[in-house]
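Subject: Structure for you to look at

Hello,

Please open the structure below and keep it on screen while you read. My notes on it follow.

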Amino acid sequence: MLRKYIDKIKPQFEEGGRFSKLHSTFDAFETFLYVPNTVTKSGSHIRDVIELKRTMSVVVIALLPALLFGMYNVGLQHFRAMGMADMSVMECFGFGFWKVLPIIVVSYVVGLGIEFAFAQMRGHEVNEGFLVSGMLIPMIMPVDAPLWMVAVSTAFAVIIGKEVFGGTGMNVFNPALLARAFMFFAYTPYISGEKIWIAGMNAGQTVDGYSGATPLTEIANSIAEKAPSLNISSSVCDWIVGTIPGCIGETSFIAIMIGAAILLFTGIASWRIMLSVFAGGYLMGLLFNAIGLNAYMDMPAYYHLLLGGFAFGAVFMATDPVTGSQTGTGKFIYGFLIGAFAVLIRVVNPGYPEGMMLSILFFNAMAPIIDHYVVEANIRRRNRRLKKATK
Amino acid sequence: MFSAKNMKLLTNPLGASNPITVQILGICSALAVTAKLQPAFVMALSVTVVTAFANLILSLLRKGIPSRIRIIVQLVVVAALVILVDQVLKAFVYDVSKQLSVFVGLIITNCIVMGRIEAFALGNKPWPAFLDGIGNGLGYGMILVILGFVRELLGAGTVWGYRVIPESFYAHGYSNNGLMLLPPMALICVGIIIWIHRSHNRNLCE
């Protein structure tokens, strides 16, 4: 039925039709709903039916477990902080759903609006790169983020992070992380500290004295107070399940791993990057264990992989095929350094309790250099082999 | 005296050959002093004065300077002017002078000043050289003032130190943009100005 409707209105968008100016907008929606049936007419091309739109949809599906759990957790944390521990799962989920939905809507409306506007202005096809970014942005925001700030951050990320470089596939930095970085530096009080991770806490709806700090903030605080051991109020089990305060989608290790399994099974994300990010973080943690100057450095290395946005960043952000390294060896180096630097920032710089965002953005910028040297090394090696063979 | 050709010297740097947006000179100070409008304005004025008089003096001296030592002579003249400007600022607007701190002294290394002397003053008569200096100073100053205005308005909610965004906005959840006060955002703002400039002036695009 939908197909028929689209076919019926299609002539109006083609050349000479009434809405021919909106051609690219129409095209975007049509190909989003159905795989285009245009066939290459000359030459022989081998093409997979999985193109960009289908790829993006799989990533969105992989994000769903973390998102759904995030919604539940928003409710859970809220009711816990209010002192109402006996709420059912559905009540928690319902509360979280209505808290998170507006952020998702704002992110998509603003981001897609700008993408469509640019596509119309520049007369090219609408790229669907924002499908994933638009879902990632709400998941790395605190639940109490004011909606207009989400809108401004999204607009900044799409315009400055993506459109000025030429749109989807040309961007240097991960747009979703750029939105978070903008928010982090522009509106710092709304995205860091102890009050913003639980819905309604800033407005004073919670029990007095309830701490809304994330485990990483608690650790940073214990270090700042020079406490002999780390005061963490949650357990490893909580971190794996994800019932801790934090950004909407980042808390649950299990949900993120389900997403990772989907991405790896469909072959969309690079296992090289994912694996090496975890390896880098773990080895850096071990290195700090060996140095052991304060309680934070002595913390078991695997804690780092479970806490904060480490897993989320490793699975969904570092593996972004556009901003990451392209070469096989480069991917190992790139991932390893991201993991190592994330832990380094966390432990050494008390100003940033969470290092994953800065680390990924930094190595987004470094990825082309890594690739360059990998390619150069390959050329040198093959040159040597050539010389040996011709001697 | 104000022939069409001379007027071009004055107006060209404001648009088609703007020192910041087209020649990409003097970026460092444009990022460093524009967090507030007032220092940006004073800085713009100082650079205009230095560029104009350095151009004038060196254009007068141009026939007498052996070309081998011309850079040293230029530096002496520019340094003398910068010291004068610095002293005047300290005497009359001490607060701003403190905010600008080292950047007044660093006018001496501002690429625009040396660039205009080398490119224009040493080959032209004093009056056109003077106009060229003023034009380039104003072209630089214009961008500084725009940056200072935008950054102070969005970053601190004030303009020239006066609060312009009413308290009721803050009560309704508006918040100042802290990133605007940091130099990276100034660079992005310069980029946006260049973007707007080039989309109006197509022949500047490479």
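I started with contacts in chain A, where two residues are in contact if their C-beta atoms, placed from the backbone, lie within 7 Å. Among contacts in chain A between residues at least 6 apart in sequence, 69% join residues at least 24 apart.

Some ground rules. This is a predicted model, so local features need pLDDT of at least 70 and side-chain atom pairs count only at pLDDT 80 or more, while totals for chains, interfaces and linings use all residues. Residues are numbered from 1 along each chain as its sequence is written, and chains are lettered from A and ligands numbered from 1 in the order in which they are written.

**Chain A overall**

Chain A has 15 helices and 0 strands. Helices (H or I, at least four residues) and strands (E, at least two) are DSSP runs, numbered from the N terminus. Of the 391 residues in chain A, 45% are buried. A residue is buried if 20 or more other C-beta atoms lie within 10 Å of its own, exposed if 12 or fewer, and partly exposed in between; these C-beta atoms are placed from the backbone.

**Helix H7 of chain A**

Find residues 175-186, which form H7(A). The 12 residues should span 16 Å at 1.5 Å a residue, and the end C-alpha atoms are 16 Å apart, which agrees. The expected span is 1.5 Å times one less than the number of residues. Is H7(A) largely enclosed or open? It is largely enclosed by the rest of the structure, because 11 of its 12 residues are buried. Among them are Leu177(A), Arg180(A), Phe182(A) and Phe184(A). The cover over the buried residues includes H5 (130-139), H6 (147-161), H13 (310-317) and H15 (356-390) of chain A.

Take H5(A) next. H5(A) and H7(A) pack at about 35°, with their axes 8 Å apart. Axes are lines fitted to C-alpha atoms, for helices over the stretch in contact, and angles run from 0 to 180 degrees between N-to-C directions. H5(A) passes H7(A) in a right-handed crossing. A crossing is right-handed if the near helix is turned clockwise from the far one by less than a right angle, and left-handed if anticlockwise. Ser133(A), Leu136(A) and Ile137(A) of H5(A) meet Pro175(A), Ala176(A) and Ala179(A) of H7(A). This contact has 5 nonpolar residues, 1 polar and no charged. Ala, Val, Leu, Ile, Met, Phe, Trp, Tyr, Cys and Pro count as nonpolar, Asp, Glu, Lys and Arg as charged, and the others, Gly among them, as polar.

H3 (residues 52-82) and H4 (residues 89-122) of chain A pack at about 105°, with axes 6 Å apart. That makes H3(A) roughly perpendicular to H4(A). Angles of 65 to 115 degrees count as roughly perpendicular, under 35 as roughly parallel, over 145 as roughly antiparallel and the rest as oblique. The contact includes Gly70(A) and Phe79(A) of H3(A), and Cys92(A) and Phe97(A) of H4(A). By class, it has 11 nonpolar, 6 polar and 2 charged residues.

H11 (residues 271-291) of chain A packs with H13(A) at about 155°, with axes 9 Å apart. H11(A) is therefore roughly antiparallel to H13(A). Their crossing is right-handed. Met274(A), Val277(A), Phe278(A) and Gly281(A) in H11(A) meet Phe310(A), Ala314(A) and Val315(A) in H13(A). Here the residues divide into 6 nonpolar, 1 polar and no charged.

Leu264(A) sits in H10 (residues 253-266). It is partly exposed, with 17 other C-beta atoms within 10 Å. Beyond its neighbours within four places in sequence, Leu264(A) touches Ala269(A) and Trp271(A).

Asn294(A) lies in the loop between H11 and H12 (301-306) of chain A. It is partly exposed, with 16 other C-beta atoms within 10 Å. Ile223(A) is 71 residues from Asn294(A) in sequence, yet their C-alpha atoms are 7.8 Å apart.

**Chain B**

Where do the chains meet? The contact takes 7 residues from chain B and 7 residues from chain A. On the chain B side, 3 are nonpolar, 4 polar and none charged.

Ile24(B) lies in the loop between H1 (4-11) and H2 (27-32) of chain B. It counts as exposed, with 12 C-beta neighbours inside 10 Å.

Best wishes
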